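Here is a short briefing to read beside the model. Topics are grouped for quick reference.

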Amino acid sequence: MRSVIIYASTHHGNTKKVVETIAQNCGVELVDATKVHEKDLSEYDLIGFASGIFFSKFAEPVLKFARENLPENKDVFFIATAGNPIQLNFKSISDIAEEKKCNERGRYQCKGYDTYGPFKLVGGIQKGHPNEEELKAAVDFYKSIDK
Ligand SMILES: Cc1cc2nc3c(=O)[nH]c(=O)nc-3n(C[C@H](O)[C@H](O)[C@H](O)COP(=O)(O)O)c2cc1C
């Protein structure tokens with residue numbers, strides 16, 4: 001099984017912590033979509049997209065990467081970290097995967113330290129997240145879909 005996670009983690013490195021923990025434990029390849037804009041994904045069996053949430057959407061570099069590089073009919077999964085982890089946060093990326101007739105294998109979301117706008121004044125929200133428990137849950141999630 002050849003798998004890769006395309007990610008962006010620009011606010012506090014929250015998403016990077018999650019995907020690096022998965023990579024260390026499960027040997028998945030990582031691609032930073034803020035640096036790499038083009039890649040042939042046709043040889044991968046499982047393709048993940050991971051991001052912080054910005055105004056209810058995945059980061060634009062991840063969405064752009066998916067629009068331009070995700071082949072049709074692939075098995076995909078999604079990972080998000082967010083100040084407010086709600087299901088709607090996945091819509092921007094799941095819409096692209098759906099357009100490309102991809103098969104979603106699962107999604108994982110946890111809290112991520114957030115100091116955006118007014119939250120900065122109070123020292124941010126979700127401080128300390130993702131925590132050890134959430135990182136372990138992310139690895140368990142990945143193991144459950146990598147079969
Ligand atoms: C400009 C901006 C907008 C954000 N918008 C949202 C949002 O709409 N919903 C949410 O739950 N979190 C929002 N957040 C919080 C981030 O999604 C959260 O901190 C995330 O863990 C950042 O991931 P990263 O450190 O990997 O970039 C926002 C953060 C910033 C800086």
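Helices (H or I, at least four residues) and strands (E, at least two) are DSSP runs, numbered from the N terminus. This is a predicted model: local features need pLDDT of at least 70, side-chain atom pairs count only at pLDDT 80 or more, and totals for chains, interfaces and linings use all residues. Residues are numbered from 1 along each chain as its sequence is written, and side-chain values use heavy atoms, with hydrogens and water left out.

**Helix 5**

- Helix 5 covers residues 132-145, 14 residues in total. At 1.5 Å a residue it should span 20 Å, and its end C-alpha atoms are 20 Å apart, which agrees. The expected span is 1.5 Å times one less than the number of residues.
- Its buried residues (under 20% relative accessible area, 1.4 Å probe, protein chains only) are Glu134, Leu135, Ala138, Val139, Phe141, Tyr142 and Ile145.
- Seen down the axis of helix 5, these buried residues fall within an arc of 155 degrees, so they line one face. The arc is taken from the directions from the helix axis to the C-beta atoms.
- An α-helix has 3.6 residues a turn, so residues three or four places apart point the same way.
- Glu132, Glu133 and Lys136, on the other side of helix 5, are exposed (over 50% relative accessible area; partly exposed lies in between).
- The cover over the buried residues of helix 5 includes strand 1 (3-8), helix 1 (14-26), strand 3 (46-54), strand 5 (75-82) and strand 6 (103-111).

**Thr15**

- Thr15 sits in helix 1. It is buried, at 1% relative accessible area.
- Beyond its neighbours within four places in sequence, Thr15 is in contact (heavy atoms within 4.5 Å) with Ala8, Ser9, Ala50, Ser51, Gly52 and Thr81.

**Surface patch**

- Phe54, Phe55, Tyr116, Phe119, Leu121 and Val122 form a nonpolar surface patch, with about 700 Å² of accessible area together.
- Patches take residues with over 30% relative accessible area and no salt bridge, joining like charges within 9 Å and nonpolar side chains (Val, Leu, Ile, Met, Phe, Trp, Tyr) within 5 Å. A salt bridge is a side-chain nitrogen of Lys or Arg within 4 Å of a carboxyl oxygen of Asp or Glu. Areas come from the Shrake-Rupley method with a 1.4 Å probe; for residues, only the protein chains shown count as cover.
- Phe119 belongs to helix 4 (residues 118-121). Phe119 is partly exposed, at 32%.

**Backbone exceptions**

- Most residues other than glycine have a negative phi, and most peptide bonds are trans.
- His129 and Pro130 are joined by a cis peptide bond, with omega about 0 degrees. Pro130 lies in the loop between helix 4 and helix 5.
- Gln126 has a positive phi, near 60 degrees. Gln126 is also placed in the loop between helix 4 and helix 5.
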